[in-house]
Amino acid sequence: MKRILLIIVSILNLIIAGYSQSDTGSGPLPTARQLNWQHANFYLFVHFGPNTFTNLEWGKGSEQEAVFNPTALDCRQWCRIAKAAGAKGIILTAKHHDGFCLWPSAYSLHTVAQSSWRNGKGDVLKELSEACKEYGLSFGVYLSPWDRNHPAYGTPAYNDVFVNMMKEVVARYGPFFEFWWDGANGEGPNGKKQQYDWHRFEFTMRSIAPETPVFSDIGPDIRWAGNENGIAGTTNWNLLDTAGFTRGAGAPPVDTLNRGNMNGANWIPAECDVSIRPGWFYHSEEDSLVKTPKKLFDIYLKSVGRGANLLLNVPPDRRGLISACDSAALMGFARIREESFHTSLIKKDKAGISLGNKNLTDLLTDDNENSWVNLGNDYANVFLDIRFNHIQLMNCIRLEEPVQNGQRVKSFSIEILKGGEFMYRLDETTIGHQRILTFPITSADEIRIFVKDSKSNPLISEIDVYRIDDVLHQETLNAK
Ligand code: FUL
């Protein structure tokens, strides 16, 4: 009896969720590892090391260990700020190109243990991993294979060193929510470049940390968005063809990384990395050049709002603290997001969303990516209709595709109406994990969403409508 009831409920669910036509599927799907990561949306990058003290961006590797000497390092301060900014985690440059290890590695003599900081007893990775746990943040590391200090760099023995370092940090400070491989490959102290054994590096990560998604220009799990401005393509496929490409100089063209490949063979979503300052490391002369909250919001709309994740770099100063100007910008950024996305006008107005004569309001506004509407294979002849009870002033729409079923929508349009009269129209391409669109403030009581082309039955899991500060929308338009 219980089973029969369950079957009836499932059938009802299918009917409510739109059409029950067979679903043709749509190629590569994300792994659980990638889906978890995608939910993080926005997190901080922390560039910290000898460069912070020498005022360089790329250390030479010959710096004395003694230069690394933060006077008041406090990873809990980083975490408090990250948490208040709404970031979900922190990725630390455990080792940048200069080779200096922020943990006392057994595989290098150029580490915190050789510095005078805390008499060589300090360990930034330990401190940050503990602070992240305390504040409920995820922790990740950036490990540069390029090493301008290590004596073995440029010889096969260095691949062992890099593998051992990966094993060491995973065992001591993991689990990580992301592992970041920089593709840079320059000369080491002996003037030689390294032949990186990527195959072995990848195999190592999969064996020691199968749950950890790995970033590099071309994945395997997360790809670079092709620029360091934090901006994903307006068309952004989570798919990428990697055959024939390598990391670093042999990566696909930046445009391809920015947009992905519509029919790509692998699910490798984009991450947008950008610094809150001109440089990746802290330089006091850049204090006046910290990005404004509005600029950060604009970047958010062009990264997270285009289905990518945002990795925002906030580098600590020589004290080992995030400076007041960076922190103030982050708080302003958090406030704008909170004010903009606090309440969807659909909920506020108790508006209804329908497809033909089916009421889908609950399914599309429950903030649950596991309940979605299937627009069926006749999608080109139907539309999702949002009807408001009262005329609303609006300038922002957010849509979600339940990407656990693949990314499908190739093009869609949105029409905004008042009293049946056409007011404004948007024509766009991909949706993906989420798409946030802004437009000039419009007074309206109806929105129609048409999917024009899709790889297979289009699925939509969430729709929100907002009125954000109009000045913010204008800035977004101006800064295309
Ligand atoms: C690049 C590096 O060369 C920069 O210094 C920075 O770490 C950036 C995030 O990645 O490849």
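My notes on confidence and on the ligand site follow.

I am working with a predicted model, where local features need pLDDT of at least 70, side-chain atom pairs count only at pLDDT 80 or more, and totals for chains, interfaces and linings use all residues. Numbering runs from 1 along each chain as its sequence is written, and side-chain values use heavy atoms, without hydrogens or water.

I checked pLDDT, the predictor's confidence in each residue from 0 to 100. The protein chain has a mean of 94, and 94% of its residues reach 70 or more. Over residues 5–22, though, pLDDT stays under 50.

Next I asked which residues are around the ligand. I found F45, H47, W58, H96, H97, Y142, W180, D182, E228, D273 and W280, counting a residue if one of its heavy atoms lies within 4 Å.

Then I looked up polar contacts (pairs of N or O atoms within 3.5 Å). A polar side-chain atom of H47 is 2.7 Å from a ligand oxygen, and one of D182 is also 2.7 Å from a ligand oxygen. For W58 I noted 3.0 Å to an oxygen of the ligand.

Conventions:
Polar contact = N/O pair within 3.5 Å; in protein donor to acceptor, adjacent residues only side chain to side chain. Contact = heavy atoms within 4.5 Å.
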